[in-house]
Amino acid sequence: MESKKFLLTEADIPTAWYNVQADMPSAPAPMLNPATGAPMTADDLYPLFARECARQELNTTDRWITIPEPVRDMYRIWRPTPLVRARGLEKALGTGAHIYFKNESVSPVGSHKLNSAIAQAYYAKEEGVTNLTTETGAGQWGAALSMAARHFGIDLAVYMVKVSYHQKPYRRSIMQTYGAEVIASPSMSTRAGRKIITDTPNHQGSLGTAISEAVELAMSTPGCKYALGSVLNHVSLHQTVIGLEAERQMEMAGEYPDVVIGCFGGGSNFSGIAFPFLRHNFSGERSTRFIAAEPESCPKLTRGKMRYDYGDEAGYTPLIPMLTLGHAFAPANIHAGGLRYHGAGAVVSKLKADGLIDAVDIAQLETFEAATLFARSEGIIPAPESSHAIAAAIREARRADAEGAAGRVILFNLSGHGLIDMASYDRYYAGDLADYTVPDSQIDAETAGLREV
């Protein structure tokens, strides 16, 4: 394994997050209040989110948002993360492309999610919040917020998608170790959960169902706020530490990415690696391609409809202008649980609609094939979610070779390790996993009646 690391020091941790909304050539349509149909204001968001998160969500003017020093102090536990030239993978592929990855798996919880979890828990604590609620798909966000909430002395309830609750028991154990309460969703503990179970007794859950339950609990509990792991703008904002560090590390490597790739569920890690580089496309300095890699079984960016839709199944959230499969869409039970979300955030949806980013959907078996090759050539076992980015990077390397583009530079975000996902690898090696394709008729039916953006 011949890979090369590019390392920064603690002094190089960014002092501000990058707010892509300030630079976008065309702004996304506003989120709408579902009760009034009017654009959402910070006052509308305050009952649900910490005040500073609500302000950041709607901030379209400030390019740089200062990172509070207590947040940077916690970042120092594991940041800056390494940038790695994947020479082992290059050799295994026999490619002339130069492949780099940003290794976010080195965080204490094994993924990038801690970048926003710490910020959201800090803002909640500053406001005097005593309890937080959240959802989690594969458990990476739930684990991250569990650690952050414990650090700031806040109690946490996590609604974990039921299929992942059973598929990934050790992620549940991590959350419980940090002191969080973990509930399989849909559950009988909320009105939304009871309705879903009544309507569909064997419902295995989705991020939409878990969000509904977490939002309901937050809105009905004094001293409680809701924290979100992806989709919304303030979450993407916090994740830009990834790309900002990667910019400096690519300079150290003496190269600049021609292609930037991130796996895609709701958009947090893709935004984190892509947005800082994307600003140079906006200014005309660069012409980098950006690729969001999503599951074939949950293809909101590649096949979704641009509509106003709820971020959750029960319809508690604002109406978001998004590429969506419909808020009631029930994705297949793939092992990349963190990518099983029905829609994309407003900013990423607008960027995709305007042709500023690309997207690909990748079948489950291809992602495990890519993951296995990566593990054997780079020594890191990736999370099933991250394996979508690896598969897309392999495709791009082969494309570069086919086009005779030796030296094309490909950068992807390794958003997390898969050491707690070995049951899914066992099933892959046993031949028990399958690919899932969503029929057009299902997407048409699920999005019928939704308002066009």
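Select Leu-319, Pro-321 and Leu-323, which point one way from strand S13, and then Ile-320, Met-322 and Thr-324, which point the other way; all are buried (under 20% relative accessible area with a 1.4 Å probe, protein chains only). The model is predicted, with local features requiring pLDDT of at least 70, side-chain atom pairs pLDDT 80 or more, and totals for chains, interfaces and linings using all residues. Residues are numbered from 1 along each chain, and side-chain values use heavy atoms, without hydrogens and water.

In a regular strand, side chains alternate between the two faces of the sheet. Six of its six residues are buried, so S13 is largely enclosed by the rest of the structure.

Lys-305 has Thr-324 of S13 as its bridge partner.

Now select Leu-228, Leu-232, Gly-311, Thr-317 and Ile-320, the residues nearest the centre of the second largest cavity, among its 13 lining residues (a cavity is a set of points on a 1 Å grid where a 1.4 Å probe fits but cannot get out, and lining residues have an atom within 4 Å of a point). Its volume is about 110 Å³, and the lining comprises 11 nonpolar, two polar and no charged residues.

Finally, turn to the largest cavity, of about 300 Å³. Lys-113, Leu-207, Gly-229, Ser-230 and Gly-338 are the closest to its centre of 27 lining residues.

Key:
Buried < 20%, exposed > 50% of the residue type's maximum accessible area, 1.4 Å probe, protein only. Helix = DSSP H or I, 4+ residues; strand = E, 2+ residues; numbered from the N terminus. Pairing = 2+ DSSP bridges. 1 Å grid on protein atoms, 1.4 Å probe; cavity = no way out; pocket = protein on both sides within 12 Å on 5 of 7 lines; lining within 4 Å. Points joined across faces, edges and corners; volume = space filled by probe spheres on them. Nonpolar A, V, L, I, M, F, W, Y, C, P; charged D, E, K, R; others polar.
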